[in-house]
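Visitor: I would like a close look at one part of this model, and then some idea of what surrounds it. Please keep to what can be checked against the coordinates.

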Amino acid sequence: MAGRISQDTITSIRNNADIVSVVGEYTKLTRKSGNDWWGCCPFHSEKTGSFHVDNDKKFYYCFGCHASGDIIKFVMEMEKSTYVEAIETLAKKFAIPIRYEDGPAPEIVKKDNKNEEYIELYERTASMFHYFLMETEQGKFALDYITKRGLTQETLEKFKIGYAPADRKWLKGFLRKKNFSDEFLRDSGLFSKNYPDISFFSDRLMFPIFNRNGKVVAFGGRILHPQGDDDRKYLNSPELAHYKKRETFFAFNFAKQSIRTNKKVIFCEGFMDCIAYHQCGIDYAVATCGTALTDEQINLIHNFVDTVLLSFDSDGAGQNATLKAIMMCRRKDISVKVIQLKGGKDPAEIMLNFGKENLTAQVNSAILDSDYLLNKLGEKYPVDTPEGKTKAALEFFDYIDALQSDIQKDSCLDQLGQAFNLKPEAVKRDFLNRQQARERVSTIRPNNRQETKNAQITLNAELRGVIAAVAYPDQFKILRSKLNENDFKNPDAKRLFRLLENCLERQAFSIPDILSSCDDPALTQVITGVISDGAYRDDNVSAIIEDTIKFIKKNQIEEQRNNLTKKIREYIVVTEDDKIQLNKLLELKVELDKQIQSLSK
Ligand SMILES: [Zn+2]
């Protein structure tokens, strides 16, 4: 029988592995006195450090979320690993020998460790792809392409860029010879689900995606010869047990040290953008892996940076991604700047055409997000008219809402006034009126006890319905079949709805899952408060959901009707044709009135 890890090994790890440096990989710690270290908690999102590491007693404790434990538990939680894996990781890192009792070292441990086996598979595959690119005739086209785009030999090696051969059966044969079983390969993400001998990537330029420790865990492949049924420009590895897209940044392994030293990070969209920055010495750039930016990704850098620089495409999709990222970062109290590239469509093109210094200069002259947004609003609306100014101001108010400090809010209101030539007092009054109006939104409460102390969160019919869906997951399906995120006017209901969509997508829809992905303690408190107060029961939850849907639909139709009424009032009848048109509008209004009435029942 195989032995188990001896108690003295465990004790030795607890005493000799440096807990401060291990925790310091995830959050910035500062020594307060003696052996007391403090920082922002890596388990929950916060702005002031309530996470304490006692280097004397070798444990950590968070005064905010009460997470606590020793170094082994910390590694287990952070790396989502088992007890044995955590011990092995630490033993390796601090060169502490593992002793076994009651038998020899178990071979099984290694074999059971599927993650490590996957990583070995991906590492080998990446090396082979790299060899094909650098050394073979079939990789020559790909090598020419990437060299023409300006990547150096050194960069190709550092990022292990490769070429997946056009022969879709080659990889399977190669890996079989390396003793990987068919069964293991079938679920590895490297082969087609339906045709397990056919490789997922073929005739593509391959970008390995590394985990934080620099091991290959996935691939992104760029098409070289668009043709046939699958001509997607980029193809990415599917989600796998050892590769979670939402929690991974491309190049984070190369960037993490520099992110900490520089206290800033560049978010970009593509592999090439990110690699170009690194080649120019701007080594704090990371890229999202074929998905929109997620809260989990922001959490990876949240505790280390003061500023996020955004470098997304200048097309419509890129602009939307920029706006979304600004809001996400601001809500977490991170400053944001936007890099506006000139002289090329992406960083690689600028590097190629104008060189490293030019790209660096453009990064250094990134503009503040508020300036960026005001410029965009100035282009979007006719801000020389009162109506245009109002629309622009209203949209900018959403940004001001996301800011976490009153001083910042104040100075952005001033900035708004200056940008569109509005009186500062009028801007502030409008902003305050809007906030008060929100707080007055008809609040339908099950009973008074559920009134929240937090004045910022309005528990109206919208929010009540979404919280009901937290308690009753089946109801969320009904809610989302009738409504989408944009239907919600209550910002917290909107936010929670979006969070539930994310949880559903990740198939993590239990109450603890949802609460742990909600980073706003005030909202969490309202959710747990309302649910534990027994507001939702089997016999009333359907009605609550129905109320929410009606409430929203009714508001939408009322808004339509009000616009229509205004139009009718301002309508000037001159010709016979005008009369007909006006009648049509009146008929439409009657129809809307009817709908509102039926929803009010
Ligand atoms: Zn905490």
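Is the crossing of helix 22 and helix 23 left-handed or right-handed?

Guide: The crossing of helix 22 and helix 23 is left-handed, a term used when the near helix is turned anticlockwise from the far one by less than a right angle (clockwise would be right-handed). This is a predicted model, in which local features need pLDDT of at least 70 and side-chain atom pairs pLDDT 80 or more, while totals for chains, interfaces and linings use all residues. Residues are numbered from 1 along each chain as its sequence is written, and side-chain values use heavy atoms, with hydrogens and water left out.

Helix 22 covers residues 473-482 and helix 23 covers residues 491-505; helices are DSSP runs of H or I with at least four residues, and strands are E runs of at least two, numbered from the N terminus. The two axes come within 12 Å and cross at roughly 115°, where axes are lines fitted to C-alpha atoms over the stretch in contact and angles run from 0 to 180 degrees between N-to-C directions. Helix 22 puts Phe476, Leu479 and Arg480 into the contact, and helix 23 puts in Phe497, Leu500, Glu501 and Leu504 (contact means heavy atoms within 4.5 Å). Five of the contact residues are nonpolar, two are charged and none is polar; Ala, Val, Leu, Ile, Met, Phe, Trp, Tyr, Cys and Pro count as nonpolar, Asp, Glu, Lys and Arg as charged, and the others, Gly among them, as polar.

Now the cores. The largest nonpolar core has 107 residues, and Phe250, Ile259, Phe267 and Ile301 have the most contacts inside it. Such a core is a set of buried Ala, Val, Leu, Ile, Met, Phe, Trp, Tyr and Cys residues joined through side-chain atoms within 4.5 Å, with buried meaning under 20% relative accessible area, exposed over 50% and partly exposed in between (1.4 Å probe, protein chains only). Helix 6 (residues 114-135) gives the most to this core, with 10 residues. Leaving aside residues up to four places away in sequence, the neighbours that Phe250 touches include Phe159, Phe271, Val286 and Cys289.

Another helix pair can be set beside the one you asked about. Helix 26 (residues 541-570) and helix 27 (residues 576-600) pack at an angle of about 155°, their axes 9 Å apart. Helix 26 is therefore roughly antiparallel to helix 27, a label for angles over 145 degrees. The crossing of helix 26 and helix 27 is also left-handed. Among the residues in contact are Ile557, Leu564 and Ile568 of helix 26, with Leu585, Leu592 and Ile596 of helix 27. The contact divides into 10 nonpolar, four polar and seven charged residues.

Two single residues complete the survey. Ile87 lies in helix 4 (residues 83-93) and is buried, at 0% relative accessible area. Beyond four places in sequence, Ile87 touches Ile5, Ile10, Ile13, Ile72 and Ile98. Thr360, in helix 16 (residues 356-364), is partly exposed at 26% relative accessibility. With the same exclusion of sequence neighbours, Thr360 touches Cys280 and Ile282.

As a whole, the protein has 27 helices and 17 strands, and 45% of its 601 residues count as buried.

How values were computed:
Angles under 35 degrees count as roughly parallel, over 145 as roughly antiparallel, 65 to 115 as roughly perpendicular and the rest as oblique.
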